[in-house]
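Let us read this model together, one feature at a time. Keep the sequence and the 3D view open.

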Amino acid sequence: QLDLLWTRKQNVMYNLFDWPTQKHSKLIILAIANTMDLPERIMMNRVASRLVCPSSFVATLESKNRLNTVRSGGGEGCLLILAKLFSQLVGNIVAALSGDARRCLDICRRATEICEFSSQKRTPEIVRMAHVTEAIDEMFSSPYINAIRNASLHEQIFLKAILAEFRRAGVEEATVQQVYHQHVVLCRIEGMQSPTISEIMAICSRLGACRLLLVESSNKYLHMRVRLNISQDDVMYALRDE
């Protein structure tokens, strides 16, 4: 589980993947992770450059093999079409919405159930894109996601700033001040006026009240630490059309 070897300086992973590159080395390292975009998400360039094969390839192969072992009543046609389309269709969709390869399995399983349920009183049919879309909508629909979609523009930008800061620092926690710097950068890119410090604190407070954020309870003001109360995948999915 490569994710568990992550450290802030990433020395462990760097040394691990550097060993096979040494002269006369006969070492081959196979790494497995559930995160499909692990190199892009948390790895520094110096570490990712040591990878010969993306970890997503191994994870997707493992998930595909597990999918082929699934059996459900009357669903052989569904399983066949899912097996054929997994890596090209569902895998690509989930990669765009979520970094977790395991969600591919959940979506395929739910799409199969929706297909079987809808065809109980009719001639059995294969899983179609409509079933996959319905399964994805179910999986990524929640009050939190709806709250993000209904949030104000600067509240959505603040959430994007949090994701940007998490990617920059490599940890899923940041101070309000660090997020504010990212927020200002995003506003400049969009040609928008940046909010004031007081407005940023109000935005942080509202997102905390909605339980989208976990905000440190203290008098540290800009040095308060914040974390997401939902997964980064859900935030990216909710903001993907914004």
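**Reading the sheet and its helices**

Buried means under 20% relative accessible area, exposed means over 50%, and partly exposed is in between, with a 1.4 Å probe and protein chains only.

Q: What kind of model is this, and how are residues numbered?
A: It is a predicted model: local features need pLDDT of at least 70, side-chain atom pairs count only at pLDDT 80 or more, and totals for chains, interfaces and linings use all residues. Residues are numbered from 1 along each chain as its sequence is written, and side-chain values use heavy atoms, with hydrogens and water left out.

Q: How many helices and strands does the protein have?
A: Helices (H or I, at least four residues) and strands (E, at least two) are DSSP runs, numbered from the N terminus. Here there are 12 helices and 3 strands.

Q: What is the order of the strands in the sheet?
A: Two strands pair if DSSP finds at least two bridges between them. In this model the order is S1-S3-S2, in an open sheet of 3 strands with antiparallel pairing. Strand S1 (174-175) and strand S2 (213-215) stand at the edges with a single partner strand each, so one side of each has no neighbour in the sheet.

Q: Which residues are bridge partners in S3?
A: Take S2 and S3 to begin. S3 covers residues 225-228, and S2 pairs with S3 in the antiparallel sense over 3 bridges. Leucine 213 has leucine 228 in S3 as its bridge partner. Now take S1 and S3. They run antiparallel and are joined by 2 bridges. There, threonine 175 has arginine 225 in S3 as its bridge partner.

Q: Which helix lies across S1, S2 and S3?
A: Helix H9 (residues 153-169) does, running at about 100° to S3. Axes are lines fitted to C-alpha atoms, for helices over the stretch in contact, and angles run from 0 to 180 degrees between N-to-C directions.

Q: How should I read two packed helices?
A: Two packed helices are described by the angle between their axes and the distance between the axes. Angles under 35 degrees count as roughly parallel, over 145 as roughly antiparallel, 65 to 115 as roughly perpendicular and the rest as oblique.

Q: Is the crossing of H9 and H10 left-handed or right-handed?
A: A crossing is left-handed if the near helix is turned anticlockwise from the far one by less than a right angle, and right-handed if clockwise. The crossing of H9 and H10 is right-handed. Contact means heavy atoms within 4.5 Å. Residues making this contact include Ile157, Phe158 and Ala161 of H9, and Val179, Leu186 and Cys187 of H10. By class, the contact has 8 nonpolar, 4 polar and 3 charged residues. Ala, Val, Leu, Ile, Met, Phe, Trp, Tyr, Cys and Pro count as nonpolar, Asp, Glu, Lys and Arg as charged, and the others, Gly among them, as polar.

Q: At what angle do H10 and H11 pack?
A: Helix H10 (residues 176-190) and helix H11 (residues 197-209) pack at about 110°, with axes 11 Å apart. H10 and H11 are therefore roughly perpendicular. Their crossing is right-handed. Val176, Tyr180 and His183 of H10 meet Ile197, Ile200, Met201 and Cys204 of H11. That contact has 6 nonpolar, 1 polar and no charged residues.

Q: How do the axes of H9 and H12 cross?
A: The axes of H9 and helix H12 (residues 232-239) come within 11 Å and cross at roughly 135°. That makes H9 oblique to H12. H9 passes H12 in a left-handed crossing.

Q: Is aspartate 233 buried or exposed?
A: Aspartate 233 lies in helix H12. Aspartate 233 is buried, with a relative accessible area of 7%.
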